[in-house]
Amino acid sequence: MPSLSFASREEMLLNENWSFRFVHQVQKDSPRRIDLPHTWNAQDALSGKQDYYRGTGIYEKNISVSSGWKGKRLFLRFEGVNTVAQVFVNDSYAGEHRGGYGAFVFEITDMVEYGADNKLTVRVSNAPDAGIMPLVGDFNFYGGIYRNVYLLLTDEACISPLDYASPGVYLIQRNVTKENAGIEVAVMLSNSGKDTPVDVCIRIWDGDRLILEKSQGATLPAAAVNMPVSVDISIPKPHLWNGRKDPFMYTAEVTLISAGRETDRVVQPLGLRFCHVDAEKGFFLNGEPLKLRGVCRHQDRPETGNALRPGHHREDMDIMLEMGVNAIRLSHYPQDAYFLEMLDKAGIVSWAEIPFVGPGGYMDQGFVNSPSFRENGREQLKELIRQQYNHPSICFWGLFNELKTYGDNPAEYVAELNKLAHDEDPTRMTTSASFLEDGNELNKITDLIAWNKYYGWYGGSPEGLARWADGIHKAFPQYRTGISEYGAGASILHQQDAPEAVNASGWWHPEIVQTHYHIETWKIIAEREYIWGSFLWNMFDFGAAHRTEGDRPGINDKGLVTFDRKVKKDAFYFYKANWNREAPFVYIANRRHTERTSAKTGITVFSNMPETELFVNGKSLGRKRPDKYAVFTWDDVTLRKGSNTISVKGYEKKSVCTDSVVWTVR
């Protein structure tokens, strides 16, 4: 479902019964039936084929247009098409959209034949284009119509769907405190008929209780496209959206009335909150400090690529909530509106960003100083902000990831984007993900700055993060410093006794190395109040066709959960023990190392319970209390030859939790 909630307007999902072919397939029997969402790269990109198909596909569908719709306005809304979409109605060109992650809308009122079937054609290309973000990226650029498509019907006078595919309503939180919330409701109106007197009515609901109603009259001129009408409202003693503690939201209902008749209505969430970041004390939500325990997320799965269904998004959210996540970086592009709605409802503080992505450790550039590229970046930033403006979970707009400054230096352009972001939305902070040296000019532009740091994976040791963080905080005390990425790869098929250093680019990624990395790295982050937020890389394994490492090509295995979401790696349970205090559990780490050659071993348990007891082959090795980071350890445990049953019990008052594994010593 989209981010908008429609009432008097009609909305029809157009996902079923499309035909698809590649552009080179011109024979009449070439098209095959598909349903949306769809990508043509689910197989080749995810098999590790580095030159997966990046070209053009043709989608077609017949839509029946009722003769009873005459006098209505018809719009096509696409939630996401990667990367360039050219839309045709009855073989006539309706418009083009350039950019793979934002929604877009075209009006087709004058292009359809009423009382008949009308042919809808979408020509889609994911071919590399130097004029479109992103140019590069450590992820797959799946081609296709991979999100929902809708047909929208409105009256001639309506709340505009044409303002960068936004809801046409902006809930601008001008001044929110615990005592009072001052809000400007900006409504964009559109009209295809004659000059029309209208009233814009604002209603604010607390559940089923109407707490505020206010109207503003206006004359809507003929042919108006995005005419703004603003209504100022105030809510005393507001119930605030307070993250995971209390993700409360009002409902804002905006109604357009003409000649005493409701002609349109849009409903949006209204989560009132205020936040800031202090260079010494970190992130504050509603005046209270909040340690942001964040993850990054890519939007793909095996078999389906990026063509996700609602159930996929819900499963991802459930896994994140189980681990105790309270923040997310939506890397490296705008993500599905349905997922954003869940973030609002769950109270997860979010960083949303445009796909301005540099090459990181790979070749090529992420910035081309050309008019077409610069304009496309501006357009994608406007889309991001206007489409996602009303989501209370979003507290930061992200402007770039891992850009370099040799050749075409993007610093001046990033400054332009930073100004544009504040012009579009003066209520939120901007941030970026850097990997450049600390004093680089690119690190000084956005309100906040964060770094992608992999000490202990790409060389060095986790302790290097502590030295770096303390060094930059001392040298640049004015920086509001975050950690935008940190992580290590792991295959659940790769097991060994101890966390010895490995080649990150090699084919051996033992799970125990990832576990050790995250234990040591989280200690460093948790102990530094000035780090305003940290976002581990990555919540889930994801597709990256150029990757040749781990247990198979084509996968970035830094996720704490496997690509198919079936296995939560050991490090997941370390974070769960530290971040989720509400669901008691115990977990034996290194559990998949079932075939062992040494009888001597250490045993590590993660638990959010205050006391655990270890048993080896039924014999108790005693009770222990955790260290500061919910880790229980028993050193130099002796196993017998053959099969061994290791079990643990966790105790908290009258609650008892258990876990067990079987290890064999050869």
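Modeller: In this predicted model, strands S40 and S41 form a hairpin with 2 residues between them, and Asn-617 in the turn has a positive phi of about 55°. S40 covers residues 611–616 and S41 covers residues 619–624, and the two pair in the antiparallel sense over 4 bridges. Strands here are DSSP runs of E with at least two residues, helices are runs of H or I with at least four, and both are numbered from the N terminus; two strands pair if DSSP finds at least two bridges between them.

From S43 the pairing continues to strand S44 (residues 655–665), which runs antiparallel to S43 and is joined to it by 11 bridges. Ser-647 has Ser-660, in S44, as its bridge partner. S43 and S44 also make a hairpin, with 2 residues between the strands, and there Lys-653 takes a positive phi near 55°.

Next comes the open sheet, in which 3 strands follow one another in the order S37-S39-S42, with antiparallel pairing. Its edges are S37 (586–588) and S42 (631–638), and because each of these has a single partner strand, one side of each is left without a neighbour in the sheet. On average, neighbouring strands of this sheet are turned by 20° against each other when direction is ignored; angles otherwise run from 0 to 180 degrees between N-to-C directions, with axes fitted as lines to C-alpha atoms, for helices over the stretch in contact. Between S37 and S39 (residues 600–607) there are 3 bridges, and these two strands run antiparallel. Tyr-587 finds its bridge partner in S39, at Phe-606.

Helix H7 (residues 570–579) packs on this sheet, where it touches S37, S39 and S42, and its direction makes about 45° with that of S39; contact means heavy atoms within 4.5 Å. H7 is mostly covered, since 10 of its 10 residues are buried, where buried means under 20% relative accessible area, exposed over 50% and partly exposed in between, with a 1.4 Å probe and protein chains only.

Val-187, in strand S16 (residues 180–191), is buried, with a relative accessible area of 0%. Leaving aside neighbours within four places in sequence, the residues in contact with Val-187 include Ile-159, Val-169, Ile-202, Met-227 and Val-254. Gln-43, by contrast, lies in the loop between S4 (32–34) and S5 (56–65), and at 55% relative accessibility Gln-43 counts as exposed.

As for how to read these values, residues are numbered from 1 along each chain as its sequence is written, and side-chain values use heavy atoms, with hydrogens and water left out. Local features need pLDDT of at least 70 and side-chain atom pairs count only at pLDDT 80 or more, whereas totals for chains, interfaces and linings use all residues.
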